[in-house]
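I opened the notebook today to look up a few strands, a helix and a bit of surface. Here is what I wrote down as I went along.

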Amino acid sequence: LSSSSGLTHESHRKDVEQVYLRCSEGSIEWMYPTGALIVNLRPNISPASYKHLTVCIKPFKDSAGANIYLEKTGELKLLVRDGDRSPSRVYCFGYDQGGLFVEATPQQDISRKITGFQYELMSKGIAADLHTASAPCRPCSDTEVLLAVCTSDFVIRGSIQNVTNEAEEQESIIHVGVNKLYRQKSKVFQLTGESGNWRGQIKTLLECGVKPGDGDFLFTGRMHFGEARLGCAPRFKDFQRMYKEAKDKGLNPCEIGPD
């Protein structure tokens, strides 16, 4: 977490402050914004790898007081307008497209404003998985499913207990009962005290029209801003078939017990 306050710059309202961030994920919080912040993302990797990176930012729900721009060689492109209340909106761009320039907007009372956002750096391949703009709800092919099993942040066998639709955020929350946990990067799926069963939530786009249904699925996906986002999710019996076919041909990209 990087935090800054504009009150210390009250006598120089046009000050521009530089912030350097070394972590691959984190958040910026700018209290009482005045002037501007230049946010320099400098992850601890080889500069040669920068061109393979995607940057995503997610403004805080109550973020206010500044516009956020993408800046490159002095040219500004507006990313997030002050007062934009698009819940859960994520903005992504290539690392080589520029840096972040956060400029305070004129305010009568700056003490009531806090500008903030979460950020994540990831490889362009992973970002493409999360934002498949062309067909975000398209079923995965056999090859895509088998690759997802190897590369996803979580892989579970489970059933859909319920689906909660959030129209304002244009998202659906899938409440999953876990029958087998193959892998999870973060503790999204946990034992519940009452029943002793593993449970968790996975988010996906509302437009995909996910509904509760019978039977088991193989849920795969990635962590994004602390939330589990759905990737490939075939019916488990279909996964067993494709896994066995690939194994018989020696074409499995990785080993996982299908049962």
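I started with strand S15 (residues 217-224): eight of its eight residues are buried, so the strand is largely enclosed by the rest of the structure. I keep in mind that this is a predicted model.

Next I looked up the pairing partners. Strand S11 (residues 154-166) pairs with S15 in the antiparallel sense, over five bridges. In that pairing I found Arg 157 opposite Leu 218 of S15. Strand S16 (residues 227-230) is also antiparallel to S15, and four bridges join the two. Here Met 223 stands opposite Ala 228 in S16.

Then I checked the connection. S15 and S16 make a hairpin with two residues between them. Phe 225 sits in the turn, and I noted its positive phi of about 55°.

**Helix H2**

Which residues of helix H2 (residues 142-151) are buried? I listed Val 145, Leu 146, Ala 148 and Val 149. Looking down the axis of H2, I see the buried residues fall within an arc of 155°, so they line one face of the helix. I then asked what covers the buried residues of H2. The cover includes S11, S12, S15 and helix H3 (236-249), so S15 turns up here again.

**A patch on the surface**

Last, I turned to the outside. Leu 181, Leu 191 and Trp 198 form a nonpolar surface patch, with about 260 Å² of accessible area together. I placed Leu 181 in strand S12 (residues 171-184). Is Leu 181 buried or partly exposed? My entry reads partly exposed, because its relative accessible area is 31% and buried means under 20%.

Terms used. Residues are numbered from 1 along each chain as its sequence is written. This is a predicted model: local features need pLDDT of at least 70, side-chain atom pairs count only at pLDDT 80 or more; totals for chains, interfaces and linings use all residues. Side-chain values use heavy atoms; hydrogens and water are left out. Patches are made of residues with over 30% relative accessible area and no salt bridge: like charges are joined within 9 Å, nonpolar side chains (Val, Leu, Ile, Met, Phe, Trp, Tyr) within 5 Å. Accessible areas come from the Shrake-Rupley method with a 1.4 Å probe; for residues, only the protein chains shown count as cover. A salt bridge is a side-chain nitrogen of Lys or Arg within 4 Å of a carboxyl oxygen of Asp or Glu. Buried means under 20% relative accessible area, exposed over 50%, partly exposed in between (1.4 Å probe, protein chains only). Two strands pair if DSSP finds at least two bridges between them. The arc is that of the directions from the helix axis to the C-beta atoms. Contact means heavy atoms within 4.5 Å.
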